[in-house]
Amino acid sequence: MTEKLETILASLPAERRYLILFLHLVQQELDYLPEEALRAAADYFAVPPAEVYGLVTFYSAFRLKPGCRHEVTVCQGTACHVRGAGELAAEFSRLLGVRPGDKNPEKGVALRTVNCLGCCALAPVVVVDGEYQGRVQVSKVPEIVKKLTGKK
Amino acid sequence: MNQKRIRTVGELRALRTRLQAAQKPPRLVSVSAASCGRASGAMALAAALDEEIGRRGLEGSVELRLTGCHGLCQFEPNVVIFPEKIFYPNLVPEKVPWLVEETLVHGRIVPELAFRESSGSQIFPRLEDLPFLKKQVRWLLDRHLTLDPGRLESYLEHGGFMALEKVLSGISPEEVINLVQASGLRGRGGAGFPTGLKWRLARQAGQTEKYLICNGDEGDPGAYMDRGLLESNPFSIIEGMIIGGYAVGAALGFIYIRQEYPLAIERMSVALEKVREAGLLGKNILGSDFSFDLELIRGAGAFVSGEETALIASIEGRRAFPRQRPPFPVVRGLWGQPTVINNVETWANVPMIIEQGPSWFARMGTAHSKGTKIFSLVGKVRYTGLVEVPFGLTLREVIEEVGGGPEPGQRIKAVQTGGPSGGCLPASLFDLPLDYESLQKAGSIMGSGGMIVIDEATCIVDLILYFLRFAREESCGQCAPCRLGTARMVRILEKITRGEGRPEDLELLEKASWTMREASLCGLGRTAANPVLSALSYFRDELQRHVLDGECPAGVCRGLISYTIDKHRCGGCLLCLDACPAEAIEVADDGYPRIDQKLCTRCGACLTVCPADLSAVIKLNKKGAGAGEGSREE
Ligand SMILES: Cc1cc2nc3c(=O)[nH]c(=O)nc-3n(C[C@H](O)[C@H](O)[C@H](O)COP(=O)(O)O)c2cc1C
Ligand code: FES
């Protein structure tokens, strides 16, 4: 891992403005931000570790723990909200046995909510393992869940 | 194709002329393949078309092109076939052989694949027939029909970089600013600040390092105009910024795109590379002594980073904390230097203004709002998508004529504009013209172009609670009025939706709103109460019914609705029993299912599964109060 971090660091100038880009690149590579990466960033960009941590927790894009094999994202933007996104998230939550923002290690599924994916005309929108699905009805959720947890 | 460096204005002109004159296949099939198209299967459709075109040996006479967002998002995936502009909405791959045989081989329209209104039998086979395009003026969106967002050559064929060519052929920076100012262009990001004036202020800062920023954070949930532009025509944004750099005297600019838009980031990054390769970004552009470059920045997920001072902090590698203004970014921006920050759509308008002239631009619109505006027309309206209309059209024209009015069997109640900083305007105000001042006077704002239509099935209390929760989550927490005010209002509104509201709560909401408006640090806090204030002025009756009568007229607030089963209608199938996630339904002694009001979570699953011909599950838009369990007659 150290090697990977160093390769990424070597590609960036040691200026503070590349700190967020560094975090993006690490997460892209490792799927999350291990403590080691935060320390390396603090060193390299000469920013106090607490500030790096503050940054990582401020922005919703970053995570400090690995994700899951499967990921379901339910949009909670306004357009989706008025078309029943709340019930949709609740149904996913119920069937997957996991609260939004959390994961179920047994089933290997994480459930996330976001504020708008920019596909508002297709509301409500759900992203299942990177695949966008529009106009998802609550009655379709069991099928999506079955397909997801059934596949290896 | 690797683009050779274009060294002079003459070379650029020659290349464009050559590209425009080149022999092209007589037919073009354009597949709309931006994010919403892809989410609806555009790539599978394109693959099927490609295969069938190959199988029929039509490669020489038909070009298949993946284009950006046509704005017709409701009808994804769709194709437009040129030169006739035949429009086939919601096209599935299975229909492709039919389409190819009829339209591409024989040049005939397939009526069965054409658009028709749900109620009528009349078909609308061509783009210009479509009823929802009639009132639109699509200066920006129309190019998305044919432009290949991945190829610079395609942009040049569409007249791309003509504005830059004109500027570098001898217009002074001051004159460029005069043109932009004369056009009346105002910022499309929300506040509507005159763009030319902003540029002039930056120009006047004199000989010092200056920066440009393109604000592509598009945080308003429910709005996606900027995504549409970034994914479909990244080049015009780049061209606008190069011209801006020339005008204000900046050598570097940043394009900040929210990370939730991966395709926009990808397309912009490819476009930047191509433009740089061609020498239109970099040192001594087109042989002039003007040098300018652009850097792409990927956001990291925070609504407040759309606020200009917060965005600047984010580019500098810090948390996106807004700061007090003044000083405004044109005075002290990125790294303390004068910085011009404009919205994506603002930048996209610039080349057009330079090329066609300010009076051409200003002939569209109202006295103080010029040109066109893209709106994201979504929610409970028949035709959802991106629409581009001249300023001054009324809300009614946009919602009823462009949007096709309510969904079947519903009534439109209001439209929400301006997102979390805006408000809800009731249907009685739909004759208001769309411009910055009118909406503001009515207690909302135009914002960046989000337009969410709601109908009688949407509860106003639920909606304002939604926005306040959003503001609470996204508040950066620096100032108390915003941090505490949003939390307080969420608590009050939650209480109301649970059915525990009191009449005083409405006054409390109003008081908290004014405090936040007066005392918050940045625009987020200052405007976060707008949804509440507009609801208090236009939907007070609905709010009062919640707190006085324990009633939710829309039947949404869970604490104010209840379900019962009418055993005189019940067929005893017990589908509801299986469907109930809370196990709140049991079979009573008489053999009929009964809902235990204490266990019931009011999810409505029983109502959904109850066979329509029986309709034995009854929903009341009032509190349960033990409402006759089993049957109301007992
Ligand atoms: C909380 C908040 C969020 C904002 N979000 C955005 C945004 O997502 N996109 C945008 O262009 N402007 C946004 N703005 C407005 C910017 O601060 C700024 O006014 C705008 O980018 C200026 O560009 P314009 O003059 O071209 O509109 C936001 C403002 C506030 C207060
Ligand atoms: S509101 Fe859900 S995609 Fe925009």
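Predicted model: local features only at pLDDT ≥ 70, side-chain atom pairs only at ≥ 80, totals over all residues.
**View 1. Chain A and its run of helices and strands.**
Welcome to chain A, which has 7 helices and 5 strands. If you walk along the sequence, the order of elements reads α-α-α-α-β-α-α-β-β-β-β-α. Taken along the principal axes, the box filled by the C-alpha atoms of chain A is roughly 50 × 30 × 25 Å. Of the contacts in chain A between residues at least 6 apart in sequence, 59% join residues at least 24 apart.

Of its 152 residues, 50% are buried. The accessible surface of chain A comes to about 7,300 Å², and carbon and sulfur atoms account for 51% of that area.

**View 2. Strand S8 of chain B between two partner strands.**
Strand S8 of chain B spans residues 252-257, and 5 of its 6 residues are buried, so this strand is mostly covered. One partner is strand S7 of chain B, residues 211-216, which pairs with S8(B) in the parallel sense over 6 bridges. To find your place in this pairing, look for B:Ile213, which stands opposite B:Phe254 in S8(B). Another partner is strand S9 of chain B, residues 293-298, again parallel to S8(B) and joined with it over 6 bridges. In that pairing, B:Gly253 stands opposite B:Leu294 in S9(B).

**View 3. The crossover from S8 to S9 in chain B.**
Helix H11 of chain B covers residues 262-277. Together, S8(B), H11(B) and S9(B) make a β-α-β unit, and its hand is right. S8(B) and S9(B), the strands of this unit, pair in the parallel sense.

**View 4. Helix H21 of chain B and its cover.**
Our last stop is helix H21 of chain B, residues 530-538, which is mostly covered, with 7 of its 9 residues buried. The buried residues are B:Asn530, B:Pro531, B:Val532, B:Leu533, B:Ser534, B:Ala535 and B:Leu536. What covers them includes strand S14 (423-426) of chain B. Helices also take part in this cover, among them H17 (460-474), H18 (480-497) and H19 (503-519) of chain B. Helix H20 (523-527) and helix H22 (540-549) of chain B belong to the cover of H21(B) too.

Methods:
Residues numbered from 1 in each chain as written. Chains lettered and ligands numbered in written order. Heavy atoms only, no water. Buried < 20%, exposed > 50% of the residue type's maximum accessible area, 1.4 Å probe, protein only. Helix = DSSP H or I, 4+ residues; strand = E, 2+ residues; numbered from the N terminus. Pairing = 2+ DSSP bridges. Right-handed = clockwise from strand over helix to strand, strands pointing away. Contact = heavy atoms within 4.5 Å. Areas by Shrake-Rupley, 256 points an atom, 1.4 Å probe, with all protein chains shown as cover.
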